[in-house]
Amino acid sequence: MQYFINVILPIPLEKLFTYRISKSEADFLQPGMRVAVPFGKTKIYTALVHEVHTTPPEVYEAKEIHQILDEHSVVNKIQLKHWQWIANYYMCTIGEVFRSAIPSAFLLESETLILRNNSAEIDEKELKDDEFLVFEALQHQSILKVHEVAAIVDRKNILPILDRLLKKNIIIIKEEVYEQYKPKLVRYVKLGDAYQSEEKLESLLESLSRAPKQSQVILSLFQLRATDKKPIKTSDLETASGGSKAVIKTLIDKDILEEYRIQTDRVNYESDGKNSSLKPLNKHQEKALNDIKQSFDNKKVTLLKGVTSSGKTEVYVKLIEECITTGKEALYLLPEIALTTQLISRLQVYFGEKVSVYHSKYSVQERVEVWNNIVSKKPKAQIVIGARSALFLPFSNLGLIIVDEEHEGSFKQFDPAPRYHARDAAIVLANLHESNILLGSATPSIESYHNAKTQKYGFASIERRYGNVLMPDIELVDIKEQTRKKRMKGHFSERLLEEITETLDVGEQVILFQNRRGYAPIVECTTCGYSPQCPNCDVSLTYHQYKKQLRCHYCSHYMALQESCQACGSQTLDTKGFGTEQVEQELHTLFPDAKVGRMDLDTTRGKHGYERIITAFEQQELDILVGTQMLTKGLDFRNVNLVGIMNADSLLNFPDYRAHERSFQLLTQVAGRAGRTKKRGKVIIQSYNPYHQILKQVSTHDYDKMFKEQLYDREQYKYPPKNRIIKITFKHKDYNTLNEAAEWFTKSLRNIFLSGVLGPEYPPVARIRNQYLKNVIVKITPNQSLLKTKNRIRRIEKSFNSISQYRSVRVIYNVDHI
């Protein structure tokens, strides 16, 4: 009897692939284990076992697997179900979900090795120059790697050369699989077994009397052992004794000291073993907690709408505590890594080392360790805080999921596939685990609030700020009028400058919000009007003064700032618009004594970038913090009394059906950073149109009015929440091919759906990385089946791919596009 396995490969394939295995392998293998399998002519991939069975494939002959990589499953059955749902719902393949779900260190890569063919007879005269270089290198070195060959011939694309050498039988190509994850081993030392008795120790110290440095190391070892019963690290002994590595190595070589290694996690929480008790909840929080528990009892997804600074985190902490006392796991999802930084320290105060963190700023090795801790159900992984990728961790006993700031667009993955929404995928995950799920926000998304209004979700609310602090006083400033009267200083109105001065005088802090990084988005020649453009994308280059560079924010192309105009040669270059760098520079001029910090993508690139800035601001080392939307997401600064929004219009005038909802959420969230403790905060919003409906609703904190207006508009124009939308993007390097392909696809869509198809239309940035883009939006009404609609679109795609000139056009689906 033959045995087979179906595996998921980490590449975009529609179907699972089948491989042949022996009976002993069939008895050992479980779904969720990794195996290395050959695929194509030479490639070896890491695949995941989906099922073991005895049915051979009909179309092809099954190959044997290369090797088994795990002793136990690293992915469980619930995860596989969840992945399948994501693949089906978001119109991608399960291989793409697999690739993005697990840490890349789990995907063993195969490396191509080039070896000399010793059995072939070679006539050196027939070889071309570049072929001879490779051949000569192989005379001196038996194995070469691809990048080494590239360095030898000084070319990036070496495949044609290797191809020619293969045909001439000069080289053999071999694939070698290597593991990316290496456990961290820490070096420890102890006294050698031969010197454990007192007499031996005395004679040892006497014999070392002529080697004072070695003697000092031994004495330091005793001191460390007396103060702490823990094993002693080699590095600690080195520091304590003041000796060098060489001295300790000499003692190890003499067998006086014995060295051993212990595997440790890369991220460890150091504490004094005492955890703080939870803060008592006030009556508003208690009421919200009871409402949440009631709807949990009814097995409902629950939405908590609590105004900014109402103490939602304390309610979450209470729920987490109840969850982990029953022995279950809790997952806390956040939209922004900056937020996790602040929250980790808050949760560790309560739960100590039970808290694990998982997000993309952590190294691959650290993420593998968190994954393994959850698989082996270690207590240090009972509570997981993370950004959207934490959703894919191998939970086996999940009791609670909290999605904080659920309205945030960062929960939606844009590139690459799967283009999932973490909030919606978390609801499905909770359903699979039969666990509770809570969505929290001060400004819920229209969809979630609509679901709560129609009783689909449970609902709880906190309408008062913690400690009964008043909501911030929001003032709108008309900068059109101020500019006309020449009362602006740079980009600051008189009112904003007055308030900043007052706030700094009383020793309080200021946050300024400008949703654009860099110095200025456009550099323009005032003589001929020329503006430097990106050669790969349809955008102008943004000026970054700090590096004296013009940079593209889409493809990272950059060039040095030119002294004169590239078109006409005159030196009349001027900037248009302004970003966070320019605001920071103006503040240095206007308030020379104030310490100013900046928080945007450019200043938070490192792993601890966020932490450094947030800590400095919390400890009041900075007086003013300028930032982009990173600042808006739930951060809690105690001493901030003034928030200034430099220009609200750029948010409102965005070509998107969610622009007004997003502006309301963003402005309310930024405003919520002001006056969070005792005193009422102040918010100043600068705008050229202060009479705009959304700005008025923000200034009166009127969420319900905004919700009703937006819901009415969206019903009229067939947008979510009542309708669903699928955005289809076409990508190709040739402008004409793209146009023809998009027209053909849209025509087919119109033939089937008759109405509800918009496009094809170019997006605001119609070319990125030399690929032209075109979008089509399909609107799906409530009485239309979503599944049938997707299947029809898939059928059109199959016909589309059978047309040879359109086969190279990439079709990208974005279900529930936001």
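Here are a few numbered notes on this predicted model.

1. Some ground rules to begin with. This is a predicted model, so local features need pLDDT of at least 70 and side-chain atom pairs count only at pLDDT 80 or more, while totals for chains, interfaces and linings use all residues. Residues are numbered from 1 along each chain as its sequence is written, and side-chain values use heavy atoms, leaving out hydrogens and water.

2. Let's take the whole chain. It has 26 helices and 35 strands, where helices (H or I, at least four residues) and strands (E, at least two) are DSSP runs numbered from the N terminus. The C-alpha atoms fill a box of roughly 85 × 80 × 70 Å along the principal axes. For 818 residues, a compact globule would have a radius of gyration near 28 Å, and the chain's 31 Å agrees with that. That radius is taken over C-alpha atoms, and the globule rule is 2.2 Å times the number of residues to the power 0.38.

3. Buried residues make up 51% of the 818; buried means under 20% relative accessible area, exposed over 50%, and partly exposed in between (1.4 Å probe, protein chains only). Of the contacts with a separation of 6 or more, 75% are between residues 24 or more positions apart, a contact being heavy atoms within 4.5 Å.

4. Now a sheet to find on screen. Six strands form an open, mixed sheet in the order β5-β2-β1-β4-β3-β6. Its edge strands are β5 (63-64) and β6 (67-68), each pairing on one side only. Two strands pair if DSSP finds at least two bridges between them. Strands β3 (residues 34-39) and β4 (residues 43-53) are antiparallel partners over six bridges, and Arg-34 stands opposite Leu-48 in β4.

5. Which peptide bond is cis, with omega near 15°? The one from Pro-720 to Pro-721; Pro-721 lies in the loop between α24 (703-716) and β31 (724-732). Another cis bond joins Ala-417 and Pro-418, with omega about 5°. Pro-418 sits in the loop between β17 (398-404) and α15 (422-433).

6. Glu-405 is found in that loop between β17 and α15 too. Its phi is near 55°, a positive value in a residue other than glycine. Is Glu-405 buried or exposed? Glu-405 is buried, because its relative accessible area is 5%.

7. Lys-299 also has a positive phi, near 55°. Lys-299 lies in the loop between α11 (283-297) and β13 (302-306), and counts as exposed because its relative accessibility is 73%.
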